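My entries follow in the order I made them.

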Amino acid sequence: EILVGDTLNIHRHAHFETIPLPGGDSAIKEPWKIALSYLYHTFGDNLPDLPFLNHHPLDVIINMIQKKINSPLTSSCGRLFDAVAAMSGGHQTIHYEGQAAIELMQAVDNLSVKAFNYSDETPIIPIKPIIESVVKSLQDGEHYSMIAARFHKTLIDLFSRISLNCSRRYQIKDIVLSGGVFQNEVLLSGLTESLTKTGLKVYSNKLIPANDGGIALGQAVIGRALLHAGQKTVRFRSEYI
């Protein structure tokens, strides 16, 4: 999510396109299901020949996606991490929260690599160019660590471009990086460095957690601001509404 605003007014500038999450939250424990959903969204019935697909009941999950059975939509960057990790040879099931994304981060040696193809189109950021590029890299035999590095580089470049365009459009110089995905040290440090070089001032979590704990505090701060302003709800709008 890329949001512009303050405690009383928020504009949803951009977000990843939504993808079905077969099984809902339970799919987070089995990232292969998320990977399959991203691949099906990108390639339809012409799924690429990737090794991980040979070990799972694909028809059951695809049927859930097609019939929209227990498959809520998600635009989460964390789920994109899960998908790329699983399809690239990472754990198909996880034993602790964020394991797939953490291990993908730990596989990064350096960021002096070529980014995958991506589109900085807004307000809905397309997923397909990234997934197509990851699949091509896998078919070309690229190592897990190289794919991990290129994926991180892609997100850093993508978010940097969108943030810079957003800054110019709204005349904003302060950028806040928060949310669970910014527990990822590679993404956080890489994006902070990239944005700082453009003259933007970057803020990130220090005293409170970047994930749900920070969200809870943010909700309390917004609630207090609404009370002081005599306002019942935050004024919210999306670019495409």
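I started with the side chain of S133, which reaches the backbone nitrogen of N117 at 3.1 Å. I took a polar contact as a pair of N or O atoms within 3.5 Å; within protein, one must be able to donate a hydrogen and the other to accept it, and residues adjacent in sequence count only if both atoms are side-chain atoms. S133 belongs to helix 5, and I took helices as DSSP runs of H or I with at least four residues, numbered from the N terminus. I found S133 buried, at a relative accessible area of 9% (buried means under 20% relative accessible area, with a 1.4 Å probe and protein chains only). Leaving out residues up to four places away in sequence, S133 touches F116 and N117 (contact means heavy atoms within 4.5 Å).

I noted the ground rules here: this is a predicted model, in which local features need pLDDT of at least 70 and side-chain atom pairs count only at pLDDT 80 or more, while totals for chains, interfaces and linings use all residues. Residues are numbered from 1 along each chain as its sequence is written, and side-chain values use heavy atoms, with hydrogens and water left out.

Next I looked up how helix 5 (residues 128-139) packs on helix 6 (residues 144-170): the angle is about 160° and the axes are 11 Å apart. Axes are lines fitted to C-alpha atoms over the stretch in contact, and angles run from 0 to 180 degrees between N-to-C directions. That makes helix 5 roughly antiparallel to helix 6 (angles over 145 degrees count as such). I listed I130, V134, S137 and L138 of helix 5 against I147, R150, F151 and T154 of helix 6.

I then asked how many residues of helix 3 (residues 77-87) are buried. The count is 11 of the 11, so helix 3 is largely enclosed by the rest of the structure. S76 caps the N-terminal end of helix 3, with a side-chain oxygen 3.0 Å from the backbone nitrogen of G78. Just after helix 3, I saw that G89 takes a positive phi of about 115°.

In helix 4 (residues 99-106) I marked Q99, A100, A101, L104 and M105 as the buried residues. These pack against helix 1 (31-43), helix 3, helix 6 and helix 7 (185-197).

My last entry is on helix 1 and helix 2 (residues 58-67), whose axes come within 10 Å and cross at roughly 60°. The contact is made by W32, K33, L36, S37 and Y40 of helix 1 and L58, I61, I62, I65 and Q66 of helix 2.

How values were computed:
Helix = DSSP H or I, 4+ residues; strand = E, 2+ residues; numbered from the N terminus. Parallel < 35°, antiparallel > 145°, perpendicular 65-115°, else oblique. Buried < 20%, exposed > 50% of the residue type's maximum accessible area, 1.4 Å probe, protein only.
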